[in-house]
Amino acid sequence: MKRRDFAAALTAGVAAPALLSATPASAADRSATGLLPHMRAVLASELDDRNTAEVLIPHVYDVGLDWHPETAPPAECDFVVAYAFGNRPPVGGGDPTKVRYEPGPVNEQLADTVAKVRARRDVPVYAQWEIARFLDSKYGMSDVTSMEPVIAPDGSITYLSTDGVAAQVLEARMKAPGGIGTACVIGFRDHHKRCVQTTRDRGMKAYAPHGFAMPHTYDSESGQAWTRRRDLYLVHDMLAQWTVLHAKQIAEAYPNG
């Protein structure tokens with residue numbers, strides 16, 4: 001019975017803001033429905049442990065029910081970071097470990113979004129190579145640094161993770177005359193929040209550009225299986241969020257190991 005009550009409250013809590021407004025609600029708005037207290041009560045009863053429920057529920061809510069990153073006006077940013085999403089298998093086939101994948105249509109849409117933001121704010125762009133290719137071929141955009149995969153001496157290709165891209169961007173920005181500055185982050189809609197968080201975890205101030213919608217249509221022909229369907233991707237993204245949270249929690253609880 002408790003689980004059915006929780007499911008009903010969850011549905012009402014998530015749906016109500018959408019019915020009230022066409023614009024995304026803030027985390028505070030969504031939690032104000034009473035969902036968080038109900039989640040705490042259900043988990044406390046399930047675990048027979050109120051204290052642990054108090055600790056866990058904010059994380060459960062953040063990872064599973066809040067998909068909107070913090071925003072700021074593009075005018076406040078010093079550079080743009082654009083993270084790729086998916087790709088397409090090589091047109092000519094070949095060894096996938098040594099033949100580079102095609103950027104694919106989703107990354108073209110991300111490049112289009114970068115161009116819209118760049119039209120509002122002329123700052124340097126650091127784009128994962130799948131996006132950078134379109135910024136060059138389609139827009140002839142200047143002041144773009146492409147974040148390239150790592151090519152080993154034997155020709156094998158290692159593609160960068162979201163964190164790998166953020167690490168390269170940080171390294172580049174540490175050499176910038178004005179210092180690191182604030183990042184305007186572009187990413188696929190369901191990947192966007194984690195893109196912002198990963199950029200911040202690397203020590204950079206980072207926000208999503210206020211007033212700009214992110215691409216959100218999945219590519220069923222993507223070379224990455226988890227980026228072909230939304231239900232599969234959201235599980236993948238939540239797993240990534242939990243993995244990072246797990247490492248942070250352990251380090252905070254036991255800094256000396």
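**Helix packing and the sheet**

Author: Leu35, Leu36, Met39, Arg40, Leu43, Ala44 and Leu47 in α3 meet Arg50, Thr52, Ala53, Glu54, Leu56, Ile57, Val60, Tyr61 and Leu65 in α4. Contact means heavy atoms within 4.5 Å, and helices (H or I, at least four residues) and strands (E, at least two) are DSSP runs, numbered from the N terminus. This is a predicted model, where local features need pLDDT of at least 70, side-chain atom pairs count only at pLDDT 80 or more, and totals for chains, interfaces and linings use all residues. Residues are numbered from 1 along each chain as its sequence is written, and side-chain values use heavy atoms, with hydrogens and water left out.

Reader: Why are α3 and α4 called oblique to each other?

Author: Axes are lines fitted to C-alpha atoms, for helices over the stretch in contact, and angles run from 0 to 180 degrees between N-to-C directions. Angles under 35 degrees count as roughly parallel, over 145 as roughly antiparallel, 65 to 115 as roughly perpendicular and the rest as oblique. Helix α3 (residues 35-47) and helix α4 (residues 50-65) pack with axes 8 Å apart, at an angle of about 130°. The two helices α3 and α4 are therefore oblique.

Reader: At what angle do the axes of α7 and α8 cross?

Author: The contact uses Thr162, Asp163 and Ala166 from α7, and Arg194, Cys195, Thr198 and Thr199 from α8. The axes of α7 and α8 come within 9 Å, and their crossing angle is roughly 45°.

Reader: Which strands are at the edges of the sheet?

Author: Two strands pair if DSSP finds at least two bridges between them. The open sheet has six strands with parallel pairing, in the order β1-β8-β7-β2-β3-β4. Each edge strand pairs on one side only, and these strands are β1 (71-72) and β4 (144-147).

Reader: Which residue in β8 stands opposite alanine 72?

Author: Strand β8 (residues 205-209) pairs with β1 in the parallel sense, over two bridges. Opposite alanine 72 stands a residue of β8, proline 209.

Reader: Which strands does helix α8 touch?

Author: Helix α8 (residues 192-201) packs on the sheet, and its direction makes about 160° with that of β8. The strands touched by α8 are β7 (182-186) and β8.
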